[in-house]
Amino acid sequence: MRTLTETSFIPRDELYNRLEDAQKLYTKDKLQDILHEALKLKGLSLDKVALLLQAETEEDIRLILSTAHQVKEAIYGKRMVLFAPLYIGNYCSNNCLYCAFRKDNTALGRAKLTYEEIEEETKMLLRQGHKRILMLTGEDERTPLDYFLEAIRRVYATRDERGSSIRRINVEIAPLDIDGFRRLKAEKIGTYACFQETYDEILYKKYHPSGPKSDYLWRLFVMDRAMEGGIDDVGIGVLFGLADYRFEVLSLLVHAYHLERKFGCGPHTVSVPRIEPAEGAPLSTHIPYPVSDRDFKKIVAIIRLALPYTGIILSTRESETLRQELFHYGVSQISAGSRTNPGAYSHPEEKTGSQFSLGDHRSLDEVISALIDDGFIPSFCTGCYRKGRVGQDFMDLAKPGLIQKFCMPNGLFSFREYLEDYASPQTREKGLRLIQLLVSEIEDKNLKTRTEKGLYEVAQGKRDVYY
Ligand code: SF4
């Protein structure tokens, strides 16, 4: 358990004051200077981010979005990483007022999947073409860590009819102690994700009235314990709508800088969910601090500028149109073809309760088809994780921009694999055309040869090609 000496590293009042000061100091010239600095791809200080967050006119926001677009293109190029969530249980002993899984929502259909059902769900995801999943469950003694660890083993061991398997399991479960994280690490997970929901300690207590999650500090220090337990890649996040978004963005950065200072490596990913309607969750229909689409775009863009090398994850909570737009401003990973109720991939007709309602109902193939139309490379790549380019090593490679040399070809190989094995004929045809175009644009001769060789191997039937 946490020690009594732990105190929050989020200076709540100071951050609110900083935002007030920034509002007084805001000028167009300052905005332009900050955006100019952001193009150096070195991130931004808290004060500068506090200033950016004050932008309100359409023109100023447009400037932020277009700078974020440039930063995103420079670091990530055209890749968009795809994954699907896999909910294995929806029992929960917490009472988060915005979530359908909350304990007091007695009307919700509850489920805990058996290991056989988990294998069945995995096969359904593999048959869609997925290679990366995010595994989740509520916090409850009916779904303890031992159960979760065995579920991870079962998912990794499952094969579809083509012999394909899930290559990276990211995990989003309730905070563990250091020993728990060591056990999670031993199962070869990818990223461990856990969101603070809101960094405002006073509001946090209001929204989390009971259960283990009501302990703000236990959650706030979760990534410290995860990293001490050996987890290389961690994912942090905010549930936008619970507090002033400006405060949440600043706090998120304080969290990232805290990890960077202490462990030499910041978060691998940041998630940006917004509250969505959820059955039996009172806050989800009376959102305390609603975030408009316009502000949401600004948030994504500012995070991209402040943490240029950190992945930004967007879920299917958002609508198809908004998602397509956000891809340009900083989002680098998306879920697709998602279901948020346990067992829903294999038994869509059975009604176990889902965590929240989805805004994007398209299948994986439809999402990929739309990405291709926009010139993005849908990627299932897990190369860095399996080559050990994780944590600090990943950041060392990413920062000088070298990662593109691995990510672009690896992304193309995984995309080609999808097109060969799982795509609809229309998606396959336009996907192959896009690959041809992108390869023709590679200027570096060695990179081009290496890429052509890998793509040829995939076309010849070799699978899981990566550098
Ligand atoms: S947000 Fe998580 S902890 Fe809270 S009720 Fe939902 S599943 Fe449980």
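This report walks through a predicted model, from its domains to its helices and loops.

Residues are numbered from 1 along each chain as its sequence is written. Because the model is predicted, local features need pLDDT of at least 70 and side-chain atom pairs count only at pLDDT 80 or more, while totals for chains, interfaces and linings use all residues.

**Domains and ligand**

The protein has domain 1 (73-361) and domain 2 (397-459). These bounds come from an automatic or database domain assignment. The centres of the two domains, taken over C-alpha atoms, lie 28 Å apart.

A ligand is surrounded by C92, N94, C96, C99, F101, R102, G138, E139 and K213. A residue is near a molecule if its C-beta atom, placed from the backbone, lies within 6 Å of it. The shell divides into four nonpolar, two polar and three charged residues. Here Ala, Val, Leu, Ile, Met, Phe, Trp, Tyr, Cys and Pro count as nonpolar; Asp, Glu, Lys and Arg count as charged; the others, Gly among them, count as polar.

**Helices**

Helices (H or I, at least four residues) and strands (E, at least two) are DSSP runs, numbered from the N terminus. A residue is buried if 20 or more other C-beta atoms lie within 10 Å of its own, exposed if 12 or fewer, and partly exposed in between, with C-beta atoms placed from the backbone.

Start with α2 (28-38). Its buried residues are L31, I34, L35 and A38. They cover an arc of only 100 degrees around the axis, which puts them on the same side of α2. The arc is that of the directions from the helix axis to the C-beta atoms. An α-helix has 3.6 residues a turn, so residues three or four places apart point the same way. The face of α2 turned away from its buried side carries the exposed residues D29 and H36. The buried residues of α2 pack against α3, α4 (58-76) and α13 (293-306). Residues are in contact if their C-beta atoms, placed from the backbone, lie within 7 Å.

Helix α6 (residues 145-157) buries F148, A151, I152 and V155. Seen down the axis of α6, these fall within an arc of 105 degrees, so they line one face of the helix. Exposed D146 and A157 sit on the face turned away from the buried side. The buried residues of α6 pack against β1 (79-89), α5 (115-128), β2 (132-137) and β3 (168-172).

Helix α13 is mostly covered: eleven of its 14 residues are buried. Among them are F296, I299 and I303.

The expected span of a helix is 1.5 Å times one less than its number of residues. For α13, both values are 20 Å.

**Loop residues**

L41 lies in the loop between α2 and α3 (46-52). E197 is in the loop between β4 and α8. T198 also belongs to the loop between β4 (191-193) and α8 (201-207).

| Residue | C-beta neighbours inside 10 Å | Class |
|---|---|---|
| L41 | 16 neighbours | partly exposed |
| E197 | 26 neighbours | buried |
| T198 | 27 neighbours | buried |

L41 has a positive phi of about 65 degrees although it is not a glycine. The phi of E197, another residue other than glycine, is positive too, near 70 degrees.

What does T198 touch, not counting residues up to four places away in sequence? Its contacts are L203, Y204, Y207, V238, L239, L242, A243 and E248. T198 and I313 are 115 residues apart in sequence and 17 Å apart in space, C-alpha to C-alpha.

How values were computed
Two residues are in contact if their C-beta atoms, placed from the backbone, lie within 7 Å.
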